[in-house]
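User: I am new to this structure and would like to learn how to read its features one at a time. Could you begin with a single residue and then widen the view?

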Amino acid sequence: MDALVEIENLKAYYRAFLYGVDREVRAVDDISLTIGRGEIYGVAGESSSGKTTLIKTIAGAIRPPLRVVSGKVTFHFAGGTQDIYAMKPEQRMALRWLHLSYIMQGSMNVLNPVRRIRHSFTDFALRHMKLGRDQFFEKVATHLQRLKLDPHLLDAYPHELSGGMRQRMTIALATILTPEFIIADEPTTALDVIVQRDVLSMIREIQHEMGSSFLFVTHDMGVHATVSDRIGIIYAGRLVEEAPTRKLFDMPLHPYTQHLVASLPRIGDVQTRPSLEGRPPSLATPPEGCRFHPRCPKRMDICMQKVPPLITVEPGRRVACFAVTGDQV
Ligand SMILES: Nc1ncnc2c1ncn2[C@@H]1O[C@H](COP(=O)(O)OP(=O)(O)OP(=O)(O)O)[C@@H](O)[C@H]1O
């Protein structure tokens, strides 16, 4: 695989005062993964598992109380290879929009609610394009048409568009400079199912036509099944399984992934799906050994004592579970 982004042994903790005690919240705890050129890498996990913290840490958007304890993030963009933590803040800013862009859940965060949409395009993209205004807007119109959006919408205010249309416009904005890497954080969570389908197929088309890589974060396994090429499953700040999407759904290996896949609704279902007992642990006081062991139906003694390493069980497939790999450390 031709790597675009390499994440090695990344640890990022928050400092938090909980009940008067100074603690570390281990939100990203020793994560290593590689995002290939032109692939959609999905990250799944339940609420508070560390997905947003992982995104912030990869993008180098780190502010107290979050700090990177150790690890490395390397981008292999067209301009060369960059170690994100060795870069100055202004160098990191220079990557934004041109090489790396974001699609977030709330499109209103990006589109200025009191200005016509065309201003958002000039604010973010004009200076990077080195074009006169007329040529710039010609290019924007072509891009919108390619994404099946009417260029006249540039004269609208964001509130005049439906939620789905606004999110599509945000995606057009995030992709106008054909960035190599796009981070999408729950981009369809607030949309109804039909609109969600449109937005997902738009993301797929962009990936196909522009060859961009995506880090696509959502808790929704149904969305991952539609859009992601590979999936990394995060539980309590750790990557517990990684596999190509089809394999992950056909034969999930980790008991937590098995639960996620089994709880997806299926047409014709008459039975309710069994829920997992217990709750995810506090990341300030996670359990010893495997963090999933208190809820795991396959728990063994070793799981309470040792952290299961993420082991490659076949090419492109990794899992951190003693029940699958045995004790290989
Ligand atoms: N500013 C902060 N200070 C302390 N702890 C924090 C802070 N922000 C997040 N956390 C903690 O870090 C952990 C991971 O949070 P994060 O937001 O990354 O999870 P998430 O998987 O993105 O959740 P969600 O899907 O609900 O957004 C949680 O335990 C959360 O409480």
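**Reading the model**

Analyst: N9 is exposed because 12 other C-beta atoms lie within 10 Å of its own, and a residue counts as exposed at 12 or fewer, as buried at 20 or more and as partly exposed in between, with C-beta atoms placed from the backbone. This is a predicted model, in which local features need pLDDT of at least 70 and side-chain atom pairs count only at pLDDT 80 or more, while totals for chains, interfaces and linings use all residues. Residues are numbered from 1 along each chain as its sequence is written.

User: How should I read backbone angles, and which value does phi of N9 take?

Analyst: Most residues other than glycine have a negative phi, and most peptide bonds are trans. N9 has a positive phi of about 45° although it is not a glycine, and N9 lies in strand β1; helices (H or I, at least four residues) and strands (E, at least two) are DSSP runs numbered from the N terminus. K130, also a residue other than glycine, has a positive phi near 55° and sits in the loop between α3 (117–129) and α4 (133–146). K130 counts as exposed because it has 8 C-beta neighbours inside 10 Å.

User: Is the peptide bond from P64 to P65 cis or trans?

Analyst: That bond from P64 to P65 is cis, with omega near 10°, and P65 is placed in the loop between α1 and β4 (66–77).

User: Which residues have the most contacts inside the largest nonpolar core?

Analyst: In soluble globular proteins, nonpolar side chains tend to be buried together. A nonpolar core is a set of buried Ala, Val, Leu, Ile, Met, Phe, Trp, Tyr and Cys residues joined through C-beta atoms within 7 Å. Here the largest one has 75 residues, and those with the most contacts inside it are A184, I203, F214, L215, F216, I233 and V240.

User: How confident is the model, on average, by pLDDT?

Analyst: On pLDDT, the predictor's confidence in each residue from 0 to 100, the protein averages 91, with 96% of the residues scoring at least 70.
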